[in-house]
Amino acid sequence: MKRILAISDIHGDLEKFERLLELVQYDKNLDQLLLLGDYVDRGPHSRAVLDKVIQLKSEGAIALIGNHEMMMMDAFDGNPMHLKRWLYNGGIKTLQNYGYTIEKDNAEYWYTTTEMPEPIKLNDDIRKHIEILKEFPYYYETDTHIFVHAGVHPETPIESTKPYTLVWIREEFHNRYNGDKTIVFGHTPTNYLHESNDVYFGDNRIIGIDGGCAYGGRLNCLDVLNSKVYYVD
């Protein structure tokens with residue numbers, strides 16, 4: 001049986017991502033790789049990480065949307081609040097990866113100011129990536145598991161759940177999920193769930209794998225069917 005390998009919340013850290021794939025000895029012909037979103041923002045190489053994710057997807061990996069990809073896509077819709085939200089959530093570094101010069105390149109400034117940013121025009125490179133991201137699914141389901149960026153609504157069938165919920169939900173899912181399938185998710189760093197960067201195995205069939213890579217923590221990979229964890233610091 002193929003290994004099912006799940007990784008989430010890479011956040012522009014290409015070096016850790018490539019080291020982790022090497023550590024698990026990922027083989028596209030033998031393993032099913034699932035990437036649970038948040039490839040961009042905060043880290044130094046978001047553009048290169050997206051290039052790597054797109055390559056892996058073309059070779060058979062399943063890549064999902066995270067809230068940071070949603071913010072990236074929304075940032076160019078003409079609503080200055082959407083752009084502002086992305087800027088203070090790590091989008092500045094991502095834009096710089098694509099060759100943009102950001103005059104006020106301080107995330108805290110955009111979080112605290114009432115100023116609205118001027119619209120930013122798509123360049124060809126970021127446009128290409130956004131068009132590809134629009135085709136990524138928001139969840140992946142098997143007979144026994146659901147893979148999703150943030151979680152599922154505890155009372156709503158996943159096929160009826162709004163994408164926003166699937167990439168942003170936290171406590172309501174963590175505390176109230178009681179479905180039959182095991183949920184593998186990222187989004188919430190595991191040190192918020194059990195004060196450790198280790199993978200979180202909840203009593204209610206939820207498994208959190210975001211090791212806080214964006215904040216200097218670890219990047220985890222879960223071998224789902226064998227409950228085996230690999231990680232790089």
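This is a predicted model: local features need pLDDT of at least 70, side-chain atom pairs count only at pLDDT 80 or more; totals for chains, interfaces and linings use all residues.

**Salt bridges, helices and a buried loop residue**

Let me start with Glu59, which is partly exposed, its relative accessible area being 30%, where buried means under 20% relative accessible area, exposed means over 50%, and partly exposed is what lies in between, with a 1.4 Å probe and protein chains only. Residues are numbered from 1 along each chain as its sequence is written, and side-chain values use heavy atoms, with hydrogens and water left out.

Glu59 forms a salt bridge with Lys28, with 3.9 Å between the closest N and O atoms; the term stands for a side-chain nitrogen of Lys or Arg within 4 Å of a carboxyl oxygen of Asp or Glu. This pair links distant parts of the chain, since Glu59 sits in the loop between α2 (46-58) and β3 (62-63) and Lys28 in the loop between α1 (14-23) and β2, 31 residues apart. The element names follow DSSP runs, numbered from the N terminus, with helices being H or I of at least four residues and strands being E of at least two.

How many salt bridges does the structure hold? There are 12 of them, and another one joins Asp31 to Arg3, whose closest N and O atoms are 2.9 Å apart. Because Asp31 belongs to strand β2 (residues 31-35) and Arg3 to strand β1 (residues 3-7), this pair ties together parts that are 28 residues apart in sequence. Both Asp31 and Arg3 are buried. Elsewhere, Glu155, Glu172 and Arg176 are linked in a network of salt bridges.

Next comes Arg218, which is found in the loop between β8 and β9. Is Arg218 buried or exposed? With a relative accessibility of 12%, Arg218 counts as buried. Its side chain meets that of Asp233 in a salt bridge, at 3.5 Å from N to O. Asp233 lies in the segment after β10 (228-232) and Arg218 in the loop between β8 (206-208) and β9 (219-223), so the two tie together parts that are 15 residues apart in sequence. Asp233, for its part, is exposed, with a relative accessible area of 54%.

The side chain of Arg218 is also joined to that of Asp198 by a polar contact of 2.5 Å, a polar contact being a pair of N or O atoms within 3.5 Å, where within protein one must be able to donate a hydrogen and the other to accept it, and residues adjacent in sequence count only if both atoms are side-chain atoms. Leaving aside neighbours within four places in sequence, Arg218 is in contact with residues including Asn197, Cys213 and Tyr231, and contact here means heavy atoms within 4.5 Å.

Let me turn to the helices. Which residues of helix α6 (residues 124-133) are buried? They are Ile126, His129, Ile130 and Leu133. These four cover an arc of only 100° around the axis, which puts them on the same side of α6; the arc is that of the directions from the helix axis to the C-beta atoms.

Helix α3 is largely enclosed by the rest of the structure, because 7 of its 8 residues are buried. Among them are Asn67, His68 and Glu69, together with Met70. The buried residues of α3 pack against α2, α4, α6 and α7 (163-168).

I will finish with Thr190, placed in the loop between β6 (182-185) and α9 (191-194), which counts as buried at 0% relative accessibility. A polar atom of the Thr190 side chain lies 2.8 Å from the backbone oxygen of Ser196, and a polar atom of that side chain is also 3.3 Å from the backbone oxygen of Asn197.
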